Amino acid sequence: MSELSPQPEPASTDDTGDAPAARKRPKPGERRVQILQALATMLEQPGAERITTAALAARLSVSEAALYRHFASKAQMFEGLIDFIEQTVFTLVQQITGRDVPDPDQAPEVGARQAARIVALLLQFGERNPGMVRVMVGDALVFEHERLQQRMNQFFDRIESTLRQCLRPATAASATPTVDAQVAASVLTAFALGRLQRYARSGFKRLPSEHLDASLALIL
């Protein structure tokens with residue numbers, strides 16, 4: 001279940017046009033959150049790689065026109081999910097590193113622990129938000145605008161860059177420290193992405209966090 005908000009509530013009078021007058025009108029921004037929540041929840045269902053606005057509107061008991069009063073396009077709805085993924089994950093990453101960019105002078109073991117924690121939080125986020133995983137690995141974006149996949153590519157590039165910064169102290173004694181840190185960060189990023197892909201393609205049965213500590217111990 002996604003962490004965006006509680007389950008969508010029944011549609012308001014301004015969306016349906018024929019609902020009882022006593023029903024409350026959503027607060028500003030509430031309907032947008034409900035739409036994103038419904039989209040994320042639908043992505044958790046098997047075979048939901050492509051969701052139509054008609055199906056989304058039906059789930060919320062509103063018209064398609066009501067959806068477009070809050071989002072200009074379905075691509076913009078997916079951008080809302082990507083915004084949530086980026087803001088949530090990178091806020092937590094910054095809490096781990098204590099700053100936007102990890103300290104290059106920290107002890108090697110500190111950087112390795114930070115890298116392990118970043119991978120763990122990424123996988124745990126996916127485990128708690130299965131619908132978001134379909135967006136993260138691109139399954140839900142196949143038939144959408146290519147800029148959405150580019151944004152997710154940039155998301156994982158940023159994860160890899162952060163991991164590289166964390167691991168630089170651990171490779172300082174190497175003859176090629178920059179290359180070694182890059183290789184290690186690339187392997188960790190590929191591992192995390194692979195775990196998320198397996199989670200989505202197993203119908204959310206194979207958990208990303210499976211044997212996580214032992215797996216990271218082999219890599220780091």
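Helices here are DSSP runs of H or I with at least four residues, and strands are runs of E with at least two, numbered from the N terminus. Before you click around, know that this is a predicted model: local features need pLDDT of at least 70, side-chain atom pairs count only at pLDDT 80 or more, and totals for chains, interfaces and linings use all residues. Residues are numbered from 1 along each chain as its sequence is written, and side-chain values use heavy atoms, with hydrogens and water left out.

**Stop one: helix 8.** Select residues 146-167, and you'll find asparagine 153 in this helix. Asparagine 153 is partly exposed, with a relative accessible area of 41% (buried means under 20%, exposed over 50%, partly exposed in between, using a 1.4 Å probe and protein chains only).

**Stop two: helix 9.** Pick threonine 189, which sits in helix 9. Threonine 189 counts as buried, at 6% relative accessibility. Leaving aside residues up to four places away in sequence, threonine 189 touches Phe156, Ile159, Glu160 and Leu163 (contact means heavy atoms within 4.5 Å).

**Stop three: helix 10.** Select residues 212-219 and colour Leu212, Ser215 and Leu216, which are buried. Look down the axis of helix 10: its buried residues fall within an arc of 95°, so they line one face of the helix (the arc is that of the directions from the helix axis to the C-beta atoms). What do these buried residues pack against? Show helix 6 (108-128) and helix 9 (177-201), and there are the partners. Over on the other side of helix 10, Asp213, Ala217 and Leu218 are exposed.

**Stop four: helices 9 and 10 together.** These two pack at an angle of about 155°, with their axes 11 Å apart (axes are lines fitted to C-alpha atoms, for helices over the stretch in contact, and angles run from 0 to 180 degrees between N-to-C directions). That makes helix 9 roughly antiparallel to helix 10 (under 35 degrees is roughly parallel, over 145 roughly antiparallel, 65 to 115 roughly perpendicular, the rest oblique). To see the contact, select Val187, Leu188, Phe191 and Arg195 of helix 9 with Leu212, Ser215, Leu216 and Ile219 of helix 10.

**Last stop: helices 2 and 3.** Jump to residues 30-42 and 53-60, where helix 2 and helix 3 pack at about 110° with axes 10 Å apart. That makes helix 2 roughly perpendicular to helix 3.
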